[in-house]
Amino acid sequence: MTQFPLRPDLLAIAELVSPGEKVLDLGCGDGTLLRYLIDTRQIVGRGVELDEANVLACVRKGLSVRQGNLDEGLRDYPDQSFDTVILSQTLPYLDNPAFIICEMLRVGQRALISFANWGHWRCRLELLLHGRMPQAPALPQAWDAAPRARPLTVRDFIEFCAREHITITRSIYLGEADRRLRAARLGENIRAAVAIFEVR
Amino acid sequence: MPLDSGETLGPITLAYETYGTLNAERSNAILICHALSGDAHAAGLSPDGKVGWWDDCIGPGKAFDTNKYFVVCSNVIGGCQGSTGPSSINPRTGKPYALGFPVITIADMVRAQRHLIDHLGIEKLLAVAGGSMGGMQVLQWTVSCPERVRAALPLATTARHSPMLIAFSEVGRQAIFADPNWRGGNYYDDGARPNTGLALARMIGHITYLSEESMHQKFGRRLQGRENYGYDFCTEFAVESYLHYKGNRFTERFDANSYLYITKAMDYFDLANGHGSLAQAFARSAEIMYLVVSFTSDWLYPSYHSKELVSALTAVGADVTYCNLQSTWGHDAFLLEVETMTRLIADFLERVVAHHHILLP
């Protein structure tokens with residue numbers, strides 16, 4: 001039932017999930033990732049999604065999904081009721097990201113968070129040379145498009161985690177053309193188009 | 001049968017219809033619960049040519065696909081369409097119960113349905129489904145006998161009747177009480193019935209089933225049978241004419257005393273009552289798969305009623321799917337948004353079947 005090929009950033013997240021886990025996917029879209037995780041890793045999956053068409057698509061895929069915004073979606077879950085809580089490519093759209101991330105770590109043992117990186121060298125050059133508000137290579141969206149996205153960089157996120165005493169236990173960086181960057185090398189914030197963090 | 005009120009009722013007749021075939025394991029049965037004015041005739045054509053009230057969703061290839069599922073719909077007790085209610089003969093007096101009929105609750109309706117499901121030899125229902133008051137019965141089923149339900153579909157409903165809903169119920173009842181033909185409920189012997197009061201109650205009901213937007217679409221400010229304002233009090237706006245028509249038609253098929261009893265049963269409905277909280281009420285329901293649906297323009301059972309339900313179910317770890325569907329139809333949307341409902345219900349049931357490895361005929 002899974003649509004192939006799975007987007008590389010979703011695949012990178014999927015590889016971090018162990019068989020049989022209980023997984024909550026926030027902003028699960030049309031349910032592609034959850035369906036993939038159920039089919040390949042036999043997880044127990046739940047989704048939260050705002051958009052009606054996406055919710056219907058999830059139900060068609062045989063998923064258990066709640067329509068609602070993430071604040072509503074998370075409040076009801078008991079502490080530590082999931083192994084993994086996923087926030088895939090949704091972070092820039094949140095009104096209160098700090099609150100949501102703390103909530104993710106309340107209901108789940110760990111969180112997997114992926115986002116487009118505005119620290120990429122193309123973004124830096126765009127602003128420096130052309131004076132235009134850069135669009136992240138992985139999220140090409142004009143400043144006036146809806147829904148509004150709040151740009152962030154890999155460094156912003158790392159510093160946020162340090163400030164909030166959130167531990168980053170894993171990081172994966174995808175460069176342009178979705179090539180995986182070797183973590184040992186420096187300059188991820190310049191080269192990464194998408195970053196995926198496991199935090200606890 | 002013992003009732004919530006402490007009284008007992010019996011013998012009880014329950015009118016029901018079935019569609020489709022029960023599989024060998026008796027595991028493909030779906031119970032449909034009807035709303036305030038519904039009856040057991042949910043699908044197909046009756047002998048006198050009437051189409052079932054949820055025919056859009058029950059039948060071959062429809063949401064509740066009768067090629068796959070054995071669908072049962074029963075009339076509620078307290079009703080007047082074949083089941084024991086205030087218009088039935090009280091065996092002790094040989095006369096209609098009238099107000100001698102005990103006050104019943106949603107839980108009592110479910111208690112009676114349980115006997116029907118026993119009678120049909122069904123140990124575990126694949127699903128219980130219904131909208132509005134039907135949804136209340138669905139929820140009550142999952143609290144009263146969770147071990148007999150695999151999936152529940154409460155649609156456009158609530159876990160507790162709100163003060164606003166009680167207020168509308170009471171105005172409807174007062175309309176009936178105020179009809180001189182009502183005579184304390186003893187109107188069965190001769191011809192004069194409290195039709196004016198019942199029709200008025202129904203008119204109020206119909207206003208609450210629509211939305212302002214659907215009234216704009218359906219009627220606007222159009223006049224009916226007139227070109228210009230008459231400057232009198234005759235029925236002239238299309239919406240007035242619609243309400244009169246609906247009210248009068250209702251008196252042909254519904255008993256005023258039944259209206260009193262059933263609205264009262266809805267008013268008493270509060271799932272959390274006696275459990276401490278809604279989540280505690282669902283404490284034994286965590287194994288049931290839920291599909292909760294609300295509609296954006298339903299102001300009678302607004303979506304936050306459903307969200308409250310979903311919150312409590314989430315807190316107990318139940319598998320709950322929730323959809324707040326965009327619709328302009330108001331409360332009636334659960335009967336009218338056929339295309340989306342068909343897709344949603346059919347997909348959901350398919351997952352329930354797969355999850356429990358049900359063998360379909």
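Visitor: Which residues of the largest nonpolar core touch the most other members?

Guide: In general, nonpolar side chains tend to be buried together in soluble globular proteins. In this predicted model, the largest nonpolar core holds 163 residues, and I30(B), I32(B), V71(B), A127(B), V128(B) and A152(B) touch the most other members.

Visitor: Which residues does A127(B) touch, not counting those up to four places away in sequence?

Guide: With such neighbours in sequence left out, A127(B) touches I30(B), R150(B), A151(B), A152(B), L153(B), L349(B) and V352(B).

Visitor: Which elements of chain A each supply at least two residues of the side that touches chain B?

Guide: The size of an interface is often given as the accessible area lost when the parts come together. Here the description is by residues: 15 residues of chain A are in contact with 21 residues of chain B. On the chain A side, α3 (52–60) and β3 (65–67) each supply at least two residues. The largest share, five residues, comes from α3(A). By type, the residues of this side divide into six nonpolar, four polar and five charged.

Visitor: In which sense do the strands of chain A pair, parallel or antiparallel?

Guide: β1 (residues 22–26) and β2 of chain A pair in the parallel sense over five bridges, with G47(A) in β2(A) as the bridge partner of D25(A). The pairing of β2(A) with β3(A) is also parallel, over three bridges, and there V65(A) is the bridge partner of G47(A). The chain crosses from β2(A) through α3(A) to β3(A) in a right-handed β-α-β crossover. Another right-handed β-α-β unit is made by β1(A), helix α2 (residues 32–41) of chain A and β2(A).

Visitor: Why is strand β2 of chain A described as largely enclosed?

Guide: Five of the six residues of β2(A), residues 44–49, are buried, so the strand is largely enclosed by the rest of the structure.

Visitor: Is L243(B) buried or exposed?

Guide: A residue counts as buried if 20 or more other C-beta atoms lie within 10 Å of its own. L243(B) has 22 within that distance and is therefore buried. L243(B) is found in helix α6 (residues 238–253) of chain B and touches M203(B) and H206(B), not counting residues up to four places away in sequence.

Visitor: What covers the buried residues of α1(B)?

Guide: The cover includes β2 (29–33), β5 (70–74), β8, α2 (133–144) and α7 (256–268) of chain B. Among the buried residues of α1(B) are I106(B), M109(B), V110(B) and I117(B). G121(B), which follows this helix, has a positive phi near 75°.

How values were computed:
Residues numbered from 1 in each chain as written. Chains lettered and ligands numbered in written order. Predicted model: local features only at pLDDT ≥ 70, side-chain atom pairs only at ≥ 80, totals over all residues. Contact = placed C-beta atoms within 7 Å. Helix = DSSP H or I, 4+ residues; strand = E, 2+ residues; numbered from the N terminus. Nonpolar A, V, L, I, M, F, W, Y, C, P; charged D, E, K, R; others polar. Core = buried A, V, L, I, M, F, W, Y, C linked by C-beta atoms within 7 Å. Buried ≥ 20, exposed ≤ 12 C-beta atoms within 10 Å, placed from the backbone. Pairing = 2+ DSSP bridges. Right-handed = clockwise from strand over helix to strand, strands pointing away.
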